[in-house]
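Please examine the sequence together with the three-dimensional model shown below.

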Amino acid sequence: MTTPEPILFCWSGGKDSAMALHTLLQQQHFRVTALLTTVTEGYDRISMHGVRRELLQQQAESIGLPLHEVRIPPQCVNPIYEARMEHALRIFYDQGVRKVAFGDIFLEDLRAYREKNLARIGMTALFPIWKRDTRELIHLFLAQRFRAIAVFIDPKILAPGFAGRELDESFFRDLPPSADPCGENGEFHTFVFAGPIFHWPIPVRTGEIVHREGFVFCDLFPRDLSVNIKSGVIPNEGPQSLRPECEESAFPEKNVRNPQKEKSSNE
């Protein structure tokens with residue numbers, strides 16, 4: 001019997017990452033060794049998505065995989081981003097990892113960017129859900145009982161009211177025809193809090209809706225795991241007695257580089 005090949009997975013905390021990871025975990029010839037995520041320095045949030053680092057860590061615990069965070073500055077430019085990613089990747093290269101997996105679906109330029117950067121250090125990329133029909137993926141997402149919340153909205157494409165909504169059938173039904181069902185063009189980013197890759201759901205509650213740098217973010221709060229709730233999210237029901245721990249500046253500013261390349265571990 002052959003030994004499964006070790007793989008590093010670039011994890012954003014969002015639904016495409018979750019579906020790609022689920023696909024890999026079902027393949028016996030691969031062994032996912034860790035999750036790799038970019039976190040914005042000073043904010044302690046997942047880059048671009050704006051999700052609190054504490055929730056990211058809870059995801060990794062529930063999945064049962066080690067988490068390696070790559071710290072990048074706000075408004076990070078490509079040379080700094082690429083240098084820090086390379087440093088992190090070399091750590092895993094020295095441990096025998098030669099493949100890195102991503103949740104990208106159809107952005108050819110982004111795939112080429114990843115493959116070029118990995119080739120410089122002798123690594124190759126895997127894309128478990130590449131070229132899958134995004135409508136088919138959404139049907140699968142719902143059928144497999146994944147659950148997620150929209151935490152980032154591009155208001156040039158979607159109404160701000162999509163921020164903070166759970167990705168249920170009504171969410172996808174309400175998307176305009178111009179939007180990709182998986183948000184692959186940056187229409188929205190998500191936080192997955194339940195599904196087949198998790199040993200337990202991540203209890204969260206929605207908080208303040210923030211408009212920043214031309215985007216709309218929904219803040220999420222961790223919820224004490226000891227609280228008796230059945231399946232994770234607790235909707236925001238009017239004014240909250242507990243305000244977000246950070247004001248608007250806590251959300252990552254729009255990066256100078258191509259924001260789709262910010263999906264380095266993302267969505």
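Which residues of helix H2 (residues 53–63) are buried? They are Leu55, Leu56, Gln58, Gln59, Ala60, Ser62 and Ile63, where buried stands for under 20% relative accessible area, exposed for over 50% and partly exposed for what lies in between, with a 1.4 Å probe and protein chains only. Helices (H or I, at least four residues) and strands (E, at least two) are DSSP runs numbered from the N terminus. The model is predicted: local features need pLDDT of at least 70 and side-chain atom pairs count only at pLDDT 80 or more, whereas totals for chains, interfaces and linings use all residues. Residues are numbered from 1 along each chain as its sequence is written, and side-chain values use heavy atoms, with hydrogens and water left out.

Phe193 belongs to strand S8 (residues 188–194) and has a relative accessible area of 0%, so it is buried. Just after H2, Gly64 adopts a positive phi of about 90°. In the loop between strand S3 (45–46) and H2 lies Met48, a residue other than glycine whose phi is also positive, near 70°. Met48 counts as buried because its relative accessibility is 7%. Glu213, again not a glycine, has a positive phi near 50° and is located in the loop between strand S9 (204–212) and strand S10 (215–222). With a relative accessible area of 43%, Glu213 is partly exposed.

Helix H4 (residues 108–119) contains 12 residues and spans 16 Å from its first C-alpha to its last, close to the 16 Å expected at 1.5 Å a residue; the expected span is 1.5 Å times one less than the number of residues. Its buried residues are Leu110, Tyr113, Arg114, Asn117 and Leu118. They lie on the same side of H4 because they cover an arc of only 125° around the axis, the arc being that of the directions from the helix axis to the C-beta atoms. An α-helix has 3.6 residues a turn, so residues three or four places apart point the same way. On the face turned away from the buried side of H4 are the exposed residues Lys116 and Ala119.

On a 1 Å grid over the protein atoms alone, a cavity is a set of points where a 1.4 Å probe fits but cannot get out, and a pocket is an open set with protein on both sides within 12 Å along at least five of seven lines; lining residues have an atom within 4 Å of a point. Points are joined across faces, edges and corners, and a volume is the space filled by probe spheres set on them.

There is one cavity of 30 Å³ or more, and the largest cavity has a volume of about 180 Å³. Of its 15 lining residues, Tyr81, Met85, Leu89, Asn117 and Leu118 lie nearest its centre. Helix H3 (78–93) and H4 each supply at least two lining residues, and H3 gives the most, with five.

The largest pocket has a volume of about 210 Å³. Among the residues lining this pocket are Arg135, His139, Phe172 and Pro181. Helix H5 (134–143) and helix H6 (169–174) each supply at least two of its lining residues, and the largest share, four residues, comes from H5.
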